[in-house]
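Thanks for coming. I have one structure to go through today, so please look at the sequence and the model first.

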Amino acid sequence: DDEIQTAVDLTAEDGTATVDDGEYDESVTVDVDGLTLEGAQAGEDARDRTDADESEITGTDDLRTGDEAIRVAADGVTIDGFEISPGGITLSETGNDDVDDVTIRNTIFSETELIGAIYPFESGSQVYETITIEQNVFEDTDDNAFYSEANIETLEFTDNDAENLGNSLVVLVGDDVEYTDIEIANNDVVGTVSHGVNLGGGGEEPGTYSGLDISENEFAEIGD
């Protein structure tokens with residue numbers, strides 16, 4: 001049974017859907033504007049959690065991206081307090097509607113198989129206005145923690161921990177893709193196969209960047 005999807009479908013705009021601890025083998029589409037989806041550890045910094053009772057979503061296969069645990073397809077959505085393994089979170093428009101003002105916090109991503117544990121899906125000229133990624137943990141991923149080939153006006157990727165990444169912490173690339181007001185700060189990273197932050201290396205096409213702030217990060221064992 002798709003228990004989380006049912007809860008989302010029954011929640012009104014700007015409402016909150018809460019998820020008990022346990023394992024959920026499903027893929028959830030959040031297409032309700034302003035919805036907050038709260039796991040058992042909502043409000044609890046993922047970097048400080050050990051042996052907690054988690055709401056774990058495994059995800060199911062998606063033909064575009066791979067294992068997808070949550071697809072955000074609405075404005076003003078907040079995802080808070082989950083464990084996601086091996087799926088990831090994608091951002092993707094429905095029809096001609098953009099997906100803006102998305103927050104993902106206090107979530108553990110483990111053994112993620114997507115190209116990005118968090119992946120704003122590129123679709124034509126779509127622009128993601130604001131994406132906030134904070135107080136998450138990324139560990140033992142097949143690829144990147146965050147991967148984008150899509151236009152982003154504001155990205156705040158701050159106060160996250162990462163360990164043993166299959167590629168890079170953050171990848172912002174793409175020919176004719178614009179990134180403005182980008183903050184990647186106060187992240188603690190130990191162990192990546194490739195880069196800490198990739199803005200066009202390793203054969204990737206660089207985008208156009210302005211308002212770029214990469215500061216106060218701690219990187220160790222990068223490219224090992």
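**Strands, sheet and one tyrosine**

Let me start with strand β16, residues 144–148: five of its five residues are buried, so β16 is largely enclosed by the rest of the structure. Buried here means under 20% relative accessible area, with exposed over 50% and partly exposed in between, using a 1.4 Å probe and protein chains only. Strands are DSSP runs of E of at least two residues, helices are runs of H or I of at least four residues, and both are numbered from the N terminus.

Some housekeeping. This is a predicted model, where local features need pLDDT of at least 70 and side-chain atom pairs count only at pLDDT 80 or more, while totals for chains, interfaces and linings use all residues. Residues are numbered from 1 along each chain as its sequence is written, and side-chain values use heavy atoms, with hydrogens and water left out.

What does β16 pair with? Two bridges join it to β13, residues 116–120, in parallel, and three bridges join β16 to β19, residues 170–172, also in parallel. Two strands count as paired if DSSP finds at least two bridges between them.

Next, the open sheet. Eight strands pair in parallel, in the order β2-β5-β9-β12-β15-β18-β21-β24. The edge strands, each pairing on one side only, are β2 (22–24) and β24 (218–222). Within the sheet, β18 (residues 161–165) and β21 (residues 188–192) are joined by four bridges, and Glu163 has Val190 of β21 as its bridge partner.

Now to one residue of β2, Tyr24. Is Tyr24 buried or exposed? It counts as buried, because its relative accessibility is 10%. Beyond its neighbours within four places in sequence, Tyr24 is in contact (heavy atoms within 4.5 Å) with several residues, including Glu3, Val19 and Ile57. The Tyr24 side chain also reaches the backbone oxygen of Asp20 at 2.9 Å. Tyr24 and Thr60, 36 residues apart in sequence, have C-alpha atoms 10 Å apart.

Finally, the whole chain. The protein has one helix and 24 strands. Of its 224 residues, 52% count as buried. Among contacts with a separation of 6 or more, 74% come from residues 24 or more positions apart. The C-alpha atoms fill a box of roughly 45 × 40 × 30 Å along the principal axes. That is the end of my walk-through.

Methods: A polar contact is a pair of N or O atoms within 3.5 Å; within protein, one must be able to donate a hydrogen and the other to accept it, and residues adjacent in sequence count only if both atoms are side-chain atoms.
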